[in-house]
Amino acid sequence: MDKKLLMRGSQVIGETAIRAGCRFYAGYPITPQNELPEFMSGAMADLEDGTFIQAESELAAINMVLGASMAGARAMTSSSSPGISLKQEGISFLAASELPAVIVNTMRGGPGLGNIAPSQGDYFQATRGGGHGDYRTIVLAPAHGQELADLTEKAFEYADRYRTPVMILADGMMGQMMEPVVLPDPINLAELPPKPWVLDGADGRPGRLIKSLILNTMEMEEHNWKLARKYEIISREIAAAETYMTEDARFVVIAYGTAARIAKGGIKRAREMGLKVGLLRPVTLYPFPERVIREMSRSVKDFLVFEMNTGQMLDDVKLSLEGRSTVHFYGRPGGVVSTPDEIAKVISSLYYRQHLEED
Amino acid sequence: MKKTVFAGFGGQGVLMMGYVFAVAAMRDGREVTYLPAYGAEMRGGTANCTVVVSDEEIFSPVASSPDFAVIMNKPSLLKYEGVMKEGGTILLNSNHVSRELTRDDLTAIRIPAVDIARKLGSERIINMIMLGAFVAHTNTTSLDSIMNGLSEIVKGKKAGIMKLNRKGLDEGAEYILKGDLR
């Protein structure tokens, strides 16, 4: 039998996290992502060195992750939109203290309590830091089952490499849906690079300190610049995007996550009608793949940003293009999942309105 | 690409039907997505799932216009008849749904799943009877693939239970193949 398994998205994230060496999970329940902590509770219990904690609150959970990370563990927490808001203080502390951690946001309709349907309303919160202070979080945006595995593996790698929190931005549909997945092989924890900064007892060595309180303004400024330089390196090294049918495209849709897979269906239909349309799908939302978009603007004069919100990534696309091309927008907020036919209609009406069928 | 909705009361094995079908299709080497309904559901309420099977990449896992529906109760028929793709087919558990279809472009296939299940000695296998009928009618996979999918999912179940499931599948398929669609 081949290694493909039909697995629920939440379970894919959990199983991959364990294989990527995650040995500490703390969380607080919220729909539509409870299958993930449920899975982690069993999986951690099966490990000799695994810890699962159902914390008393989101705030407690994220700070437990911070503590586990300080002690050197690959640590993770997960929640859905309102719960992620509650974790923001802890995420800011993780960024300030330069601590690795993986945070999964299974986005639901909002603002407020909203609903439990898939949405992309948390783009700004995820990519702009979310918590207080001058920091960024690496944000990875899977679009299908296999990528939930691939990006979860990467999330732990990036978190350690850059000593920074990494967010996986999924949605309620991805968490529930089952798709065929090939899981990565489990890593050997002993082979990971050593972390010469962890707080694991100072017996026989000088003591260490990890903190985010820096009262001296000059020191704080230096720390801010240090973080900024790190984010520059991250932007250079890991920005990623997938392109689909863009070679001869005169019109390109930019979408991520679930919106991107729906858009792909719309583009396929539009191609069948003879329209030269392609897709650009950011895989990393921070860093944003602005270079690919800017380069594409040499041949593409019309872009359509499609999001399951009222227009958030739209800003990043406009910033990337710096006015070089026209940017259109189509959004379905509130937990509504569009159909490929609907996107095909939006594409074709804009395509003809912009006279792109003419040579 | 074919989209199928499985819908009924919670407890009728509706999600299991879709899950087994999806695993079978995946092992046949096809692309597949399985999407369970996910809302603020309650015990005794309706359950449904959508399975998309395709030879190429699947874009939307949502049942916007399903080709097939396997309907186990009346509320599910009311919910899905209107959204079916033109010319689609609805397989009905006729012991629980006697209502006529209102659309004349759809084909209704009625299977007395509860009667057949009672004959086999367990009402718990009405889902396998419906699944057997579904496979026989649509040819989207084979009964053997379904059985393999089932053993993969319910690892370690007693041989007797697996045999009963196989019987359910066979009887459901048989009902279609005999063309006895009263």
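Here are some notes on a predicted model, covering a chain contact, a helix, a pair of domains and a helix pair.

1. **Where chains A and B meet.** Chain B puts 15 residues into its contact with chain A, and chain A answers with 17 residues. On the chain B side, α1 (14–27) and β2 (31–36) each supply at least two residues.

2. **Helix α1 of chain A.** This helix covers residues 9–19, and ten of its eleven residues are buried, so the rest of the structure largely encloses α1(A). The buried set runs Gly9(A), Ser10(A), Gln11(A), Val12(A), Ile13(A), Gly14(A), Glu15(A), Thr16(A), Ala17(A) and Ile18(A). Have a look at the backbone just after α1(A) too: Gly21(A) takes a positive phi of about 100 degrees.

3. **The two domains of chain A.** Domain 1 of chain A brings 28 residues to the contact between them, and domain 2 of chain A brings 22 residues.

4. **Domain 1's side of that contact.** Which elements of chain A give two or more residues to the side of domain 1 that touches domain 2? They are α5 (123–127), β6 (138–140), β7 (165–171), α7 (172–176) and α8 (217–238). The most comes from α5(A), which gives four residues. By class, this side of domain 1 of chain A has 16 nonpolar, nine polar and three charged residues.

5. **A helix pair in chain B.** Packed helix pairs are described by the angle between the two axes and the distance between them. For α3 (residues 113–120) and α6 (residues 159–177) of chain B, the axes come within 10 Å and cross at roughly 135 degrees. That angle is why α3(B) and α6(B) count as oblique to each other. The crossing of α3(B) past α6(B) is right-handed.

6. **Who touches whom in that pair.** From α3(B), the contact uses Ile116(B), Ala117(B) and Leu120(B). From α6(B), the contact uses Leu164(B), Lys167(B), Gly168(B), Glu171(B), Gly172(B) and Tyr175(B). Taken together, the residues of the contact of α3(B) with α6(B) come out as five nonpolar, two polar and two charged.

Conventions:
Residues are numbered from 1 along each chain as its sequence is written. Chains are lettered from A and ligands numbered from 1 in the order in which they are written. This is a predicted model: local features need pLDDT of at least 70, side-chain atom pairs count only at pLDDT 80 or more; totals for chains, interfaces and linings use all residues. Two residues are in contact if their C-beta atoms, placed from the backbone, lie within 7 Å. A residue is buried if 20 or more other C-beta atoms lie within 10 Å of its own, exposed if 12 or fewer, and partly exposed in between; C-beta atoms are placed from the backbone. Ala, Val, Leu, Ile, Met, Phe, Trp, Tyr, Cys and Pro count as nonpolar, Asp, Glu, Lys and Arg as charged, and the others, Gly among them, as polar. Axes are lines fitted to C-alpha atoms, for helices over the stretch in contact, and angles run from 0 to 180 degrees between N-to-C directions. Angles under 35 degrees count as roughly parallel, over 145 as roughly antiparallel, 65 to 115 as roughly perpendicular and the rest as oblique. A crossing is left-handed if the near helix is turned anticlockwise from the far one by less than a right angle, and right-handed if clockwise.
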